Amino acid sequence: MLARIPPQTLRILALLFVLLAVLLFFSTQVPNYLNGRLFNRISSSVAIMALIACGQTLVILTRNIDLSIGSVVGFVAFATGSLITNNPDIPPILLATYSILLGACFGVINGVFVAYAGVPSIIVTLGTMALFRSALVEYSDAKSITTNNLPTWLIEFPNTQLFSIGTLQFRAAFVVAILVVIAVHFALTRLRPARKLYAVGSNPEAAEMAGINSKLVIFFAFISAGALAGLAGFMFLARFGTITVVAGLGFELKSVASAVVGGVNIFGGSGSVIGALIGAILIDLIDTSLVRWQLVSEFWREAVLGSLILLSVAADAVLMRRLVKWRVSREKKETKPEVQS
Amino acid sequence: MPQPVLRMNSISKHFGMTKALSNMSITLEASEVHAIVGENGAGKSTIIKIMTGIHQPTSGKIEVDGKTRKITGPQAAREAGIAAIYQEPMVFPDLDVAENIFISDNSTGVLVHPAEQRKRARALIERIGIKLDPSRIASGLTLAEQQAVEIARALSQDVRVLIMDEPTASLSAHEAEQLRKIAQNLAGQGVAVVYISHRLEEIFEISDRVTVIRDGRHISTKPIAKVTSDGMITEMVGRDFGKYFAKTASTAQDEVILEVRNLTLDGVFEDISFDLHRGEVLCMAGLVGARRTDVALAIFGVIPPTSGSIKFKGQTTKFTNPRTAIEAGIAYVSEDRRKLGLAMPMAIKSNVSMATLDSFLSPLGLLKREKEGKVARHFIDSLNIRTPDVETPVGMLSGGNQQKVMLAKWLNLNPDLFIFDEPTRGIDIGAKAEVHDLIRSIAAKGGAALLISSDLPEVLAMGDRILVMREGHQMSIVKHSEATQETVMMHATGQRQEAI
């Protein structure tokens, strides 16, 4: 039976298993752990990271990386906040569209440099990470957006309870994030243009030979990542209300971590946004739980997280290699490919 | 006479000062297998790259079905019905077979229907005439299967001209025969097949016409019936090549330099035992999958064997890594130039000095650059490496010249035992003869050579003795005087003759 399941699905199942194990472990360590509040807390905070990790996954699939994504989130959150502060009558949909488009514009800048100027993405986005952040400092004049100046619909939006199952509340921000992830997942598995992300990441030379416009595909990946970061910026503004120049700082690495823990191959070509979502949830869960775990001092949280990332990636590499070997040997035994001569 | 499918009309291509092609004209007819032969560097790859739109010609034009057409890139080539498959197939390892075939096929709209896609893939694969599950992930496929995927991809786009560039170089005899059948089968379906190969037997077997090129110029195009092997070789190299298959006298001495006894690596090979004398060339023959390379890697310390013993220069040794083996005086020339042999972006001189860098250091530990250049120039002269200078990145050279640089790297070490793994694969006949001379001269100077080769004429010409392996077992050691193609093949196939 194991041989029938595609490796990607197997990865997701393994991740869910780890998630369950972590939940069970902490429930024995932390009193009053498993309850609705835990779910509500995690789901609220993961909503933003899920979107960013999703965008990061699109970029990583093409063998690139976007380190500017945290700065984009911060800039968009601030710009959107100042727009609505000055024009409180802008309708919600328009405001969200503004955030997404603004994010996409940053993606265009990254995409032009990486895809068309041929500069390695780690260098381009390391530069734009600093540039976008400085732009935010300059643009904001070191002032902050505060909750008081934002319309109530915006502040209330992320915590609006859409429906609930028992004590588990499904809030708008989380539901939006899940819907986006599902939509992107559908695109990545079923839409031909999106499948080309995998092709380009899997074997760039072959993609070129097969007549795929790799540059356009990579450009598209960066724009999509920017747009998703823009939406995340909108959600960030709505959730926190108060936006300073450090908004979104560190999100870039956390998004890479989420993707990698979620089984996205850092060398491109394989992985799924569902995996990245679960990776984000897992990291957030452990982060939140460690705060409540008496045995571990706060200072060890980063170390535990770091170990988790190393462990999951190493385990994944070892297991997948074994799996592939095992399957190849099975297939060889089952079917000897022969010409019908 | 029907309209030719494709006509290259006095195409020239210059790269800076280098003239890769001058006034090249080739005509391809429907339903023919058209072989193009020439030494490495003769311009075959340039022709392919122009036909597939990777390079643009400096002058001249291309006609498809009688109409002049600019092929601006791979996509445009596909639209004109031109596709190519290479020695190293271009597949997407993370995608399944069906998706590999249809990834750039936009005819079914934007939505992918996996089940239907697999059905269409199955139909194409059947048309080629092999069995392959379309839902398999490409990373687990054999080279032959990957090539089949590429051919299916070409077929999915109504290919009119299919270029096969050294398609059988990495295949076992059986797989190669399958591939040749596929090529003829496609020609039977109206496709013009361009077939490029260094295996002359192959060309006589399947092609209808042969074009010989040399130094970027068209030499001749003839129906295969009017071509002889000798005539073709003479045209290719521009000189007489009678000595290629000649066997020179053995220079083997009495001293045993390498003694291998019952060498076993569980699940891979078993009970390999042989002696190798100074001055001797011992060939290891066998089909792909015979595990010859694994034996070599075990001797070289890359994969430690499970049991058995190795005596080198009279001492029992157990190399646990290549470094200790190199220090003891063993060199291993890999079959995989790209991965294990050369640093492609680095200069020739840096590649040459790589394995012996310590000898290029001044007392202060600084690199003596002039010495590097001097040594590299020495090898460029003695091995006849064709290059503008020692600073040229190895990746810019043709395959045969890359191979010579790799040999230079190890020659510089002056080892007692040379292990050559398919040293002439994919290189032209002139370079091949030079490599053979080199191996002979190493032996004549008292070195020993273990030569792994899948090229039977080479094995017969070079081996003082021939060790034949089959699926991890040592079948026999044949003396040169008793070896014929038939005896070696009988052992390699385990007495069955189907795979010859």
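Predicted model: local features only at pLDDT ≥ 70, side-chain atom pairs only at ≥ 80, totals over all residues.
Which residues in α2(A) meet which residues in α7(A)?

Let me begin with chain A as a whole. Chain A holds 13 helices and two strands. Along the principal axes, its C-alpha atoms fill a box of roughly 75 × 55 × 35 Å. The radius of gyration of chain A is 21 Å, which agrees with the value near 20 Å that a compact globule of 341 residues would have. Of the 341 residues in chain A, 45% are buried. Among contacts in chain A with a separation of 6 or more, 77% join residues 24 or more positions apart.

I turn now to the opening question. Helix α2, residues 36-61 of chain A, and helix α7, residues 172-190 of chain A, have axes that come within 8 Å and cross at roughly 25°. Because that angle is under 35 degrees, α2(A) is roughly parallel to α7(A). Their crossing is left-handed. From α2(A), Ser43(A), Ser44(A), Ala47(A), Ala50(A), Leu51(A) and Cys54(A) meet Ala173(A), Phe174(A), Ala177(A), Val180(A), Val181(A) and Val184(A) of α7(A). This contact comprises ten nonpolar residues, two polar residues and no charged ones.

Finally, the two chains. Their contact draws 29 residues from chain A and 26 residues from chain B. On the side of chain A that touches chain B, α8 (192-202), α9 (204-209) and α13 (301-334) each supply at least two residues. The largest share of that side, seven residues, belongs to α8(A). By class, the residues on this side of chain A are twelve nonpolar, eight polar and nine charged.

Terms used
Residues numbered from 1 in each chain as written. Chains lettered and ligands numbered in written order. Contact = placed C-beta atoms within 7 Å. Helix = DSSP H or I, 4+ residues; strand = E, 2+ residues; numbered from the N terminus. Nonpolar A, V, L, I, M, F, W, Y, C, P; charged D, E, K, R; others polar. Rg over C-alpha atoms; globule rule 2.2 N^0.38 Å. Buried ≥ 20, exposed ≤ 12 C-beta atoms within 10 Å, placed from the backbone. Axes fitted to C-alpha atoms, helices over the stretch in contact; angles between N-to-C directions. Parallel < 35°, antiparallel > 145°, perpendicular 65-115°, else oblique. Left-handed = near helix turned anticlockwise from the far one by under 90°.
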